[in-house]
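User: I would like to learn how to read pockets and helix packing in a model. Please take one feature at a time.

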Amino acid sequence: MNLERLPNEEKLSLCRKYYLGGFAFLPFLWLVNTVWFFREAFMKPAYTEQLQIKTYVKRSALGLLLWVAILTTWITIFQHYRAEWGEVGDYLSFTIPLGTP
């Protein structure tokens with residue numbers, strides 16, 4: 001998508017939709033929002049909608065970082081303790097590794 005062709009009002013609307021979509025457990029939308037609108041928010045000359053876009057981009061980046069921290073923590077804990085959890089760890093696993101841990 002070429003953001004240069006969109007009017008500023010539509011850029012704001014699209015940025016807001018991606019920001020709100022991230023709350024539906026879709027942190028990838030926050031990543032897309034941050035990447036697509038970073039230049040619009042921080043590098044373009046000032047315009048009226050830019051302040052709101054900047055807010056959405058900052059919040060999207062913060063939400064994305066929070067999700068990354070939570071998922072990294074869970075993956076680390078799960079990988080470390082899966083064998084100790086016994087049957088529960090096996091039920092949570094998509095594939096069960098062969099052999100002993």
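Analyst: This is a predicted model. To begin with pockets: a pocket is an open set of grid points with protein on both sides within 12 Å along at least five of seven lines, and a volume is the space filled by probe spheres set on the points.

User: How much space lies in the largest pocket here?

Analyst: The largest pocket holds about 170 Å³.

User: Which residues line the largest pocket?

Analyst: The lining is made up of Met1, Asn2, Leu3 and Glu4, together with Val35, Trp36, Arg39, Glu40 and Lys44. By class, the lining has four nonpolar, one polar and four charged residues.

User: Now to helix packing. What describes two packed helices?

Analyst: Two numbers do: the angle between the axes and the distance between the axes. Take helix α1 (residues 8–21) and helix α2 (residues 27–42), whose axes are 8 Å apart at an angle of about 155°. Angles over 145 degrees count as roughly antiparallel, so α1 and α2 are roughly antiparallel to each other. Their crossing is left-handed.

User: Which residues of α1 and α2 meet?

Analyst: On the α1 side they are Lys11, Leu14, Cys15, Tyr18, Tyr19 and Gly21; on the α2 side, Leu29, Trp30, Val32, Asn33, Trp36, Phe37 and Glu40. That contact divides into nine nonpolar, two polar and two charged residues. Trp36 and Glu40 of α2 take part in this contact, and Trp36 and Glu40 also line the largest pocket.

User: At what angle do α1 and helix α3 (residues 50–81) cross?

Analyst: They cross at roughly 20°, and their axes come within 10 Å. Angles under 35 degrees count as roughly parallel, so α1 and α3 are roughly parallel to each other. This crossing is left-handed. Lys11, Leu12, Cys15, Arg16 and Tyr19 of α1 make the contact with Gln52, Ile53, Tyr56, Val57, Arg59 and Ser60 of α3. Six of the contact residues are nonpolar, two polar and three charged.

User: How do α2 and α3 pack?

Analyst: Their axes are 8 Å apart, and the angle is about 145°. The crossing is left-handed. From α2, the contact residues include Trp30, Phe37, Phe38 and Phe42; from α3, they include Ile53, Val57, Leu64 and Trp67. By class, this contact has 13 nonpolar, five polar and three charged residues.

Definitions and conventions:
Residues are numbered from 1 along each chain as its sequence is written. This is a predicted model: local features need pLDDT of at least 70, side-chain atom pairs count only at pLDDT 80 or more; totals for chains, interfaces and linings use all residues. Side-chain values use heavy atoms; hydrogens and water are left out. Axes are lines fitted to C-alpha atoms, for helices over the stretch in contact, and angles run from 0 to 180 degrees between N-to-C directions. Helices (H or I, at least four residues) and strands (E, at least two) are DSSP runs, numbered from the N terminus. Angles under 35 degrees count as roughly parallel, over 145 as roughly antiparallel, 65 to 115 as roughly perpendicular and the rest as oblique. A crossing is left-handed if the near helix is turned anticlockwise from the far one by less than a right angle, and right-handed if clockwise. Contact means heavy atoms within 4.5 Å. Ala, Val, Leu, Ile, Met, Phe, Trp, Tyr, Cys and Pro count as nonpolar, Asp, Glu, Lys and Arg as charged, and the others, Gly among them, as polar. On a 1 Å grid over the protein atoms alone, a cavity is a set of points where a 1.4 Å probe fits but cannot get out, and a pocket is an open set with protein on both sides within 12 Å along at least five of seven lines; lining residues have an atom within 4 Å of a point.
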